[in-house]
Amino acid sequence: GAAGIFQYDWNAFDNDRQTNGSHLFEEAHDWRRQEFDLFVKKEGSFEIAAGYDFAGHDWVDNYVALEGKAGKFQLGEFRTPVGWESATTSGSANTFIEAGLPVEMAYEGRRAGLGWTWTGMPHWSLQLAWFVPHDLHHDGAGRTLAARAVFAPIARDDEVVHLGLAASRENRDDGTGQVRARPEAQLTPVRLVDTGTLSHVDHIARDGLEAAWMNGPLLLQGEYLAMHVARNAERGFDSHGYYVSASWMLTDESHAYKETA
């Protein structure tokens with residue numbers, strides 16, 4: 001099969017004039033996503049996926065997966081699991097074109113690695129993953145071990161209760177780290193949060209709590225995310241944030257839901 005996500009973004013800013021008279025943000029409009037994906041899938045057996053984002057000049061999900069009674073085993077490049085909006089949902093399924101600021105801060109992005117997902121117990125989904133330092137562009141500099149657990153006591157087409165917990169530890173090979181986040185407008189290079197390069201970094205720990213309730217066309221969703229940058233012989237750095245969102249489908253349909261992506 002084939003699928004595509006095409007999103008065009010227009011950024012306009014007010015009240016951003018600085019003391020020298022210049023504007024902090026430049027208004028911009030451009031393609032946000034031009035993703036094209038190819039996939040072959042047999043439910044409960046195997047899956048092969050290959051995708052590229054022509055707007056971001058970036059590889060997206062590219063992996064092979066085998067599925068059986070022992071769970072789903074995945075090898076290739078795929079999303080790291082901390083930061084629900086970016087980690088397990090596609091850009092076409094999110095309420096807004098951009099993820100919330102805390103997700104922008106904590107989400108590690110896609111990495112190459114090996115993952116295991118198990119849904120053999122009713123209402124539960126468990127995920128473990130190990131990632132090498134690089135993605136398909138050879139970005140990144142740390143090996144990551146990650147886990148995620150989701151409990152969905154109600155998971156019907158018209159009503160969902162979702163509770164999730166995710167955590168990861170990235171061991172930094174280059175001894176550096178950085179915590180930064182753009183505003184919810186990816187066309188600007190300006191970061192509202194930016195620590196600059198942190199030196200003598202041993203590892204970065206990420207934790208996330210996620211919850212949602214869907215009832216017909218109504219969706220209430222929120223996350224709390226925290227990061228701890230552990231540094232050798234220096235004081236560590238902690239960062240955390242949360243968001244809450246609400247949306248209503250004007251067509252009276254329900255949002256699509258899947259415990260894992």
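Predicted model: local features only at pLDDT ≥ 70, side-chain atom pairs only at ≥ 80, totals over all residues.
Residues are numbered from 1 along each chain as its sequence is written. Local features need pLDDT of at least 70 and side-chain atom pairs count only at pLDDT 80 or more, while totals for chains, interfaces and linings use all residues; side-chain values use heavy atoms, with hydrogens and water left out.

**Exercise 1. The overall fold**

Find how many helices and strands the protein has, and compare its radius of gyration with that of a compact globule.

Solution. 
- Start with the secondary structure: the protein has 2 helices and 15 strands. These are DSSP runs, numbered from the N terminus, with helices being H or I of at least four residues and strands E of at least two.
- Next, take the radius of gyration over C-alpha atoms; the globule rule is 2.2 Å times the number of residues to the power 0.38. For 261 residues a compact globule would come out near 18 Å, and the protein's 19 Å agrees with that.
- The C-alpha trace spans about 60 × 50 × 35 Å along its principal axes.
- Finally, 44% of the 261 residues count as buried. Buried means under 20% relative accessible area, exposed over 50%, and partly exposed in between (1.4 Å probe, protein chains only).

**Exercise 2. Asp 61**

Decide whether Asp 61 is buried or exposed, and find which side chain it joins in a polar contact.

Solution. 
- Locate the residue: Asp 61 sits in the loop between strand S4 (58-59) and strand S5 (62-68).
- Check accessibility: Asp 61 counts as buried because its relative accessibility is 14%.
- Look for a partner: the side chains of Asp 61 and Arg 79 are joined by a polar contact of 2.9 Å. Such a contact is a pair of N or O atoms within 3.5 Å; within protein, one must be able to donate a hydrogen and the other to accept it, and residues adjacent in sequence count only if both atoms are side-chain atoms.
- List the surroundings: leaving aside neighbours within four places in sequence, Asp 61 has contacts (heavy atoms within 4.5 Å) with residues including Ala 49, Phe 78 and Arg 110.

**Exercise 3. Asp 174**

Find which side chains make polar contacts with the side chain of Asp 174.

Solution. 
- Asp 174 lies in the loop between strand S10 (159-172) and strand S11 (180-181).
- With 42% relative accessibility, Asp 174 counts as partly exposed.
- One partner is Arg 172, at 3.4 Å; another is Thr 176, at 2.9 Å.

**Exercise 4. Positive phi values**

Inspect the phi of His 123 and of Asp 252, and place each residue in the chain.

Solution. 
- Recall the background: most residues other than glycine have a negative phi.
- His 123 is not a glycine, yet its phi is positive, at about 75°. His 123 is in the loop between strand S7 (110-118) and strand S8 (124-131), and is partly exposed at 41% relative accessible area.
- Asp 252 also has a positive phi, near 70°. Asp 252 belongs to the segment after S15, and is exposed with a relative accessible area of 56%.
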